[in-house]
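Hi there,

Here is the structure I promised to pass along. Have a look at it first, and then read on for what turned up.

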Amino acid sequence: MKDFRTLKILDRFRGLFERFGIDYPVMRKILAVKLTMDGRGTPTVFNQQKKKQKPEENGFIKSLGMYVLISIVLIPIVNFGQNYLYQMSIFFGVVMFLVMTSMISDFSNVLLDVKDKSILHTKPIEKRTINAAKTVHICLYLFFLTMAIAGIPVVIGTVTHGLIFLIFSIFGLMFINLFIVVFTALIYNFILRFFDGEKLKDVINYVQIGLSIAVMVGYQLLGRAFSFVDMKITFSPSWWHFFIPPIWFGAPFALYFGHQSNKFLWLYFLLAFLIPVISIMIYIRMIPSFERNLQKLSNHSRKSKPRERRWKNWLMHTICRSREEKVFFRFADHMMRNEREFRLKVYPSLGMSLVIPFIFIFNQIHMTSFADMVSTKWYLAIYFSSLMIPTAVSMMKYSGKYKGAWIYKTAPVENYAPLFSAVLKVFIVDLYLPVFLIQSVIFVFIFGFKIVLDLLVVFVASILYMVICSRFLKGSLPFSESFENARQSAGVKLIPALILAGVFWGIHFAVTFIPYRVFSYLILLLGITIFSWKMVYRMVWGDS
Amino acid sequence: MDVKKANEKAQNLMKVFGMEEVYHSRIASFSKRMRQKVLIISSLLHNPELLFLDEPLSGLDANSVMVLKEILSIMAAKGKTIFYSSHIMDVVEKISNRIILINDGKIVADGSFMDLKEQNKEGTLEQIFNQLTGFNEHKAIAEEFVSIVQEV
């Protein structure tokens, strides 16, 4: 087995682990196996032969490049300006946001893993050691992640602000990571206690989705905590700031570098220190019960209820023409609603797209007034919600159960065009339409019935946009690849699609200036959409 | 087949196999035995004339094995063609009309069990297979294996 450099570095801390009663050599062996397993790629079912034999490499480490890019944005935030509380809160906010989302969607499986139980628990290894291995495994990845995001900004910050900055940052980042790991573990423990079997898995799934949305919204709140008055950033403390952790961690910087001192800052500082320490103490106390409850994940309760959805049946018969398309529609509907990993990766962005337009609108109300805002064209903010389309559509080709893709090859169909069109139709019906309808109702409530026509335009434009984005699916069948592959390829590819959404918005905005032309635009758009759907159906989906 | 009909039929078949209460559960929560039953049901759902089965008995408990063997012989009697591959020779011996033995990718025997018995003068299909493939050192191999295990 390869000797990992990470483990060699870990060897330096051997004494520390042993002081906690951990059998270090055993833990090291477990970690070595886990790291080796992570390095194994997950081949896709159909293009196995395409990939050449590559040396083992960790997909996660490769995906860190993206985060390094993000970190460049953070450099000016950390280095310029004198408002330390604001700058450092934003900095820690970004770090927490990225680490937390990554923790929830990528590393929860590690935390909740029961697979190694049958192997490790039968051996004379102490539970404490197994747990330590698990925790260190997660921490290693979080360490790499944090380094990628915060490394460059902190180094440059140290150059400008001095060594104290480095020490504060390192401690801040360490505490943040600890806090995140322990916090998620505590939440899981709480759920594990009250639910059982399949229900438990569903609840965990919903909590993960909810947490992701909460993190995103909380990140928006962080910006609201500071108000810009005359281009100067002011901060007036109030009670709800105590619930925004990045501000806690920003406080020590304001105290030391900003020479500000008031009792709120000291309180934040205290929280930044106390909360992680307390939560770790609770966590250590809870490990035995956590382990016991984890066993529930492999229980199977035998109750579930069938649900008949009349309206969906009716919808299916109206929007799908061929028999194959109907079959695939039902299949994709089941996949998108039931597959947990898929839900975890896609639903948070749905929640986000539901919230984003309103955040912008509230901002606008904040700047002017409600009456002013209503008379403007701010209802076009609904276009922000279509930003989730490229991400969601590009996720369609992945699945947690990608190995089941053999079913396409055994199905008696001539080409896969009905499959693609069915998947996209399900996407509209199951994922896009609910979000869009909720928003439309609220928007009509705010702006009045005059915008109904515009909303129809937005809906048709979104479908056209989705058809264009379906390019991202090219080359592989829906639900046929592992999410592991998604991590490596996401990101940069989506930028042109985001620009395209801006173009749609721009055209619509321009059209609203010509009186009575919105309707003509709607007809034109409808024509283009139907035409392009038919063309893509024949030319693109037909031959993949 | 219509969805509704397929659904009803599958539900009835599951009921016969004693699995009606897990009909709406995830297959991931099933045991090997239950999954095998689901696979058998799904392969028979559209009432095929021709059936390929690869080790259909694997994972099933003794009673279900009896049920499945009976199902196969009834279907065969009703004129369906069933291809069946297995390594368990005594089952093959009992339920097959025609047996093809394959060794190293080549057909070494072809015919009913009676034909094979006449040709090879051995009692059971297992023995016939051993004879045809020229394999008779099973005892020696087993002894060597155990001696390595026991380190003697």
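How many residue pairs are in polar contact between chain A and chain B, with both at pLDDT 80 or more? The count is zero. Please keep in mind that this is a predicted model.

The side of chain A that touches chain B draws on several helices: α9 (197-224), α13 (323-338) and α14 (340-367) of chain A each supply at least two of its residues. With three residues, α13(A) gives the most. By type, this side of chain A has seven charged residues, three polar ones and one nonpolar. As for salt bridges between chain A and chain B, the count is zero as well.

Now for the extent of the interface. On chain A, 11 residues are in contact with nine residues of chain B. Interface size is often expressed as the accessible area that is lost when the parts come together. Here chain A and chain B bury about 930 Å² between them, and 48% of that is on carbon and sulfur atoms.

There is also a local feature in chain B to look at. Strand β3 (residues 99-103) and strand β4 (residues 106-111) of chain B pair in the antiparallel sense, over five bridges. Together β3(B) and β4(B) form a hairpin, with two residues between them.

Best wishes

Notes:
Residues are numbered from 1 along each chain as its sequence is written. Chains are lettered from A and ligands numbered from 1 in the order in which they are written. This is a predicted model: local features need pLDDT of at least 70, side-chain atom pairs count only at pLDDT 80 or more; totals for chains, interfaces and linings use all residues. Side-chain values use heavy atoms; hydrogens and water are left out. Contact means heavy atoms within 4.5 Å. Buried area is the accessible area (1.4 Å probe) that two parts lose on being put together, summed over both. A salt bridge is a side-chain nitrogen of Lys or Arg within 4 Å of a carboxyl oxygen of Asp or Glu. A polar contact is a pair of N or O atoms within 3.5 Å; within protein, one must be able to donate a hydrogen and the other to accept it, and residues adjacent in sequence count only if both atoms are side-chain atoms. Helices (H or I, at least four residues) and strands (E, at least two) are DSSP runs, numbered from the N terminus. Ala, Val, Leu, Ile, Met, Phe, Trp, Tyr, Cys and Pro count as nonpolar, Asp, Glu, Lys and Arg as charged, and the others, Gly among them, as polar. Two strands pair if DSSP finds at least two bridges between them.
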